[in-house]
Amino acid sequence: MRLYGSNFKQLFIEMIEPDVFVVADNVLTPLGKTTAENFFKLRQNISAVKQHRDINISPKPFYASLFNSDEYFITSNIHEYTKFEQLLIASIDDALKNISIDVRDNKTALIISSTKGSISLLETETFNSALKTRIALSTSAKLVAEYFGFTSEPVIVSNACISGVLAIITGMRLLRSGQYENVVITGADVITKFILSGFESFQALSPQICKPFDRSRDGLNLGEGAGTIILSTNKKYSNNIKVKGGSVSNDANHISGPSRTGEELAYAIKKAMHDAKVSAGDIDFISAHGTATVYNDEMEANAFHLTGLQSIPVNSLKGYYGHTLGAAGLIESIISIQSIKENLVLPTLGFRDMGATNPLNICASPLQGNFNNCLKTASGFGGCNAAVVFGK
């Protein structure tokens, strides 16, 4: 048999690139400390977003999803770890509980995703060279790796609000390359005065629970949380959900404003579907970034139209969790994977009337069915975009 050009290339890729399976996960948010607890609350349509009055974060009331200020997440050596690091450790610990993956094996990688890490220390400590080192993401990564005994050098992914999705794509690519057999991907962010005031300066915050894709949407809510997903190429997990493909792009439009056309996110979606070897008709539902800001939701709607996905059911989880920044892509991906497993797509809290120029099929109520593939999208400051496909 003769094989030429693209046919040979495709066969070669399939031979050398192993499948990537989802082995375990954890979602740690104000709604619950495990994925199961979170999904149970989501099924009950319970939101973690509430009005808060905390002068340490804002002089006026604001809506967000926050942990209790006195809450700790690990029981040992608490004072050695920042809240950000505690979240990472607690999330990883839960994800590792019921699996036999050895984190001390140099074939097991660690990827950490965050936008701000332990930057809250700038608000409580005197700035000097020691603090500069302490707040570095590399310092946090080293502490987390040492806590569990990882022997591989941790990888840090910090690329605005696509960080979580990009971390999953990075993990998938590391596994496909054969460098590793397992990868632990974790991410977290903590809401501080610095972060809240930054979004406030853009007039991007809603004075109520946000309304993704709705005609009356007026901004986002912020949220705290952590997520961990463990991936492997070990064929004993072959019945598990797969990370089928992913891609990233950048629209180079504006430091804080997304593309007006959606063409660049559409490019990432097309490349992700090509990588996953699926077409638009194979996608059963979409977990959108859906921040509930005017321009983000409009851009995403454009992108879904450009990729032939306008009739596919879409949801956004921002009304339940707020925008958890570097953890958002992980938390929302894990919930989407759970949706595939349970054949239940969650509704978009706050949505009533279509508010995008190019209308979408927004899930306004729980949707049951036989779901095989999900597309997860994300976009962020600096014009970054990411898309990843999960499936049975």
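Predicted model: local features only at pLDDT ≥ 70, side-chain atom pairs only at ≥ 80, totals over all residues.
Which residues in α7 meet which residues in α12? Hi everyone, let's work towards that together.

Residues are numbered from 1 along each chain as its sequence is written, and side-chain values use heavy atoms, with hydrogens and water left out.

Let's start with helix α7, residues 163–177. Helices here are DSSP runs (H or I, at least four residues), numbered from the N terminus. α7 has 15 residues and reaches 21 Å from its first C-alpha to its last, close to the 21 Å expected at 1.5 Å a residue; the expected span is 1.5 Å times one less than the number of residues. After α7 comes Gly 178, with a positive phi near 90°.

Is α7 enclosed or open? Because 12 of its 15 residues are buried, α7 is largely enclosed by the rest of the structure. Buried means under 20% relative accessible area, with a 1.4 Å probe and protein chains only. Among the buried residues of α7 are Leu 166, Ile 169, Met 172 and Arg 176.

Now for my opening question. Gly 164, Val 165 and Ile 168 in α7 meet Gly 329, Leu 330 and Ser 333 in α12, where contact means heavy atoms within 4.5 Å. By class, these residues divide into 3 nonpolar, 3 polar and no charged. Ala, Val, Leu, Ile, Met, Phe, Trp, Tyr, Cys and Pro count as nonpolar, Asp, Glu, Lys and Arg as charged, and the others, Gly among them, as polar. The axes of the two helices, lines fitted to C-alpha atoms over the stretch in contact, come within 5 Å and cross at roughly 70°. That makes α7 roughly perpendicular to α12, a term for angles of 65 to 115 degrees.

Next, the inside. The largest nonpolar core has 49 residues; such a core is a set of buried Ala, Val, Leu, Ile, Met, Phe, Trp, Tyr and Cys residues joined through side-chain atoms within 4.5 Å. Its largest share, 8 residues, comes from α7. Ile 185 is one of the residues with the most contacts inside this core. Leaving aside neighbours within four places in sequence, the contacts of Ile 185 include Ala 167, Ile 168, Gly 171 and Leu 330.

Finally, α12 has another partner: its axis and that of helix α2 (residues 35–43) come within 11 Å and cross at roughly 75°.

Conventions: Helix = DSSP H or I, 4+ residues; strand = E, 2+ residues; numbered from the N terminus. Buried < 20%, exposed > 50% of the residue type's maximum accessible area, 1.4 Å probe, protein only. Axes fitted to C-alpha atoms, helices over the stretch in contact; angles between N-to-C directions. Parallel < 35°, antiparallel > 145°, perpendicular 65-115°, else oblique.
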